[in-house]
Amino acid sequence: MNGNVIIDVAVGIFVVIGALISFITMIGLIRLPDTYTRAHAASKSATLGVLLILIATLIFFYPVYGFDARIILGIIFVFISSPVAGHLISRAAYFSGIPQWENAVRDDLKEVLEKRKERYLKQLERKKGAEGEKLKALADRKREENSNREL
């Protein structure tokens, strides 16, 4: 077999698999029930689909340009930034009060935040004077706002 045929077959396989994974991502974005599962689909599978297509691009242009630094930097950028962006979007949605799907099994972040609130309130109790009272009143007001928002 000619070297170009092997490269073309490899590029074709990577592009087809990347396109299929991107298609699955699109279906996930349409069908999944809430913001958090959609962000998961978008950050995980879309990253893999784009990475496979970029790898196909790198292989396709390798005989002409060698390892092109721009494509390698694109691969690294997508590999790092897409999962981080998905995580930050999900975290911002959680702190904005967007509810989870009603059939969600666990909420691990809720437990962590409750422990942080307990530590924070203990620190407030240790503080004395008017400043501690002001901070405690502010924390109580925020807690009331959050509980009203959940209702």
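This is a short talk about a few residues in one structure and what sits around them.

Okay, hi everyone. Before I start, keep in mind that this is a predicted model.

Let's begin with Asp 34. You'll find Asp 34 in the loop between helix H1, residues 3-31, and helix H2, residues 35-65. So what's going on with its charge? Asp 34 is buried, yet there's no salt bridge for it. The nearest side chain of opposite charge belongs to Arg 38, and that one is 6.6 Å away. What Asp 34 does have is a polar contact of 2.7 Å, side chain to side chain, with Thr 37. And if you skip the neighbours within four places in sequence, Asp 34 is in contact with Gln 100 and Trp 101.

Now, salt bridges in general. How many does a search of the whole structure find? It turns up 2.

One of the salt bridges joins the side chains of Arg 70 and Asp 68, at 3.3 Å from N to O. Are its two ends buried or exposed? Arg 70 has 65% relative accessibility, so it counts as exposed. Asp 68, on the other hand, is buried, with a relative accessible area of 17%.

Another salt bridge pairs Arg 143 with Asp 140, and there the closest N and O atoms are 3.1 Å apart. Both of those residues lie in helix H5, residues 130-150, and they're 3 residues apart, which is about one turn of the helix. Arg 143 is partly exposed at 38% relative accessible area, and Asp 140 is partly exposed too, at 29%.

Take Thr 25, which is in helix H1. Thr 25 counts as buried because its relative accessibility is 6%, and the limit is under 20%. Its side chain reaches the backbone nitrogen of Ala 46 at 3.2 Å. Leaving out residues up to four places away in sequence, Thr 25 touches Ala 41, Ala 42, Ser 45 and Ala 46.

Then there's Gly 49, over in helix H2. How buried is Gly 49? Its relative accessible area is 0%, so it's buried. Which residues does Gly 49 contact, once you set aside neighbours within four places in sequence? Those are Gly 18, Ile 21 and Ser 22. For a sense of spacing, the C-alpha atoms of Gly 49 and Val 11 are separated by 13 Å, and these residues are 38 apart along the chain.

On to Leu 113, in helix H4, residues 108-126. Leu 113 is buried, with 18% relative accessible area. Not counting residues up to four places away in sequence, Leu 113 touches Tyr 94 and Phe 95. From Leu 113 to Gln 100 it's 13 residues in sequence and 16 Å in space, C-alpha to C-alpha.

Last thing: the surface. There's a nonpolar patch there of about 910 Å², and its members include Tyr 62, Phe 67, Ile 72, Phe 79 and Leu 88. Which helix gives the largest share of that patch? It's helix H3, residues 69-95, with 7 residues. Leu 88 lies in that helix.

That's my tour. Thanks, and I'm happy to take questions!

Methods. Residues are numbered from 1 along each chain as its sequence is written. This is a predicted model: local features need pLDDT of at least 70, side-chain atom pairs count only at pLDDT 80 or more; totals for chains, interfaces and linings use all residues. Side-chain values use heavy atoms; hydrogens and water are left out. Helices (H or I, at least four residues) and strands (E, at least two) are DSSP runs, numbered from the N terminus. Buried means under 20% relative accessible area, exposed over 50%, partly exposed in between (1.4 Å probe, protein chains only). Lys and Arg count as positive and Asp and Glu as negative; His and the chain ends are not counted. A salt bridge is a side-chain nitrogen of Lys or Arg within 4 Å of a carboxyl oxygen of Asp or Glu. A polar contact is a pair of N or O atoms within 3.5 Å; within protein, one must be able to donate a hydrogen and the other to accept it, and residues adjacent in sequence count only if both atoms are side-chain atoms. Contact means heavy atoms within 4.5 Å. Patches are made of residues with over 30% relative accessible area and no salt bridge: like charges are joined within 9 Å, nonpolar side chains (Val, Leu, Ile, Met, Phe, Trp, Tyr) within 5 Å. Accessible areas come from the Shrake-Rupley method with a 1.4 Å probe; for residues, only the protein chains shown count as cover.
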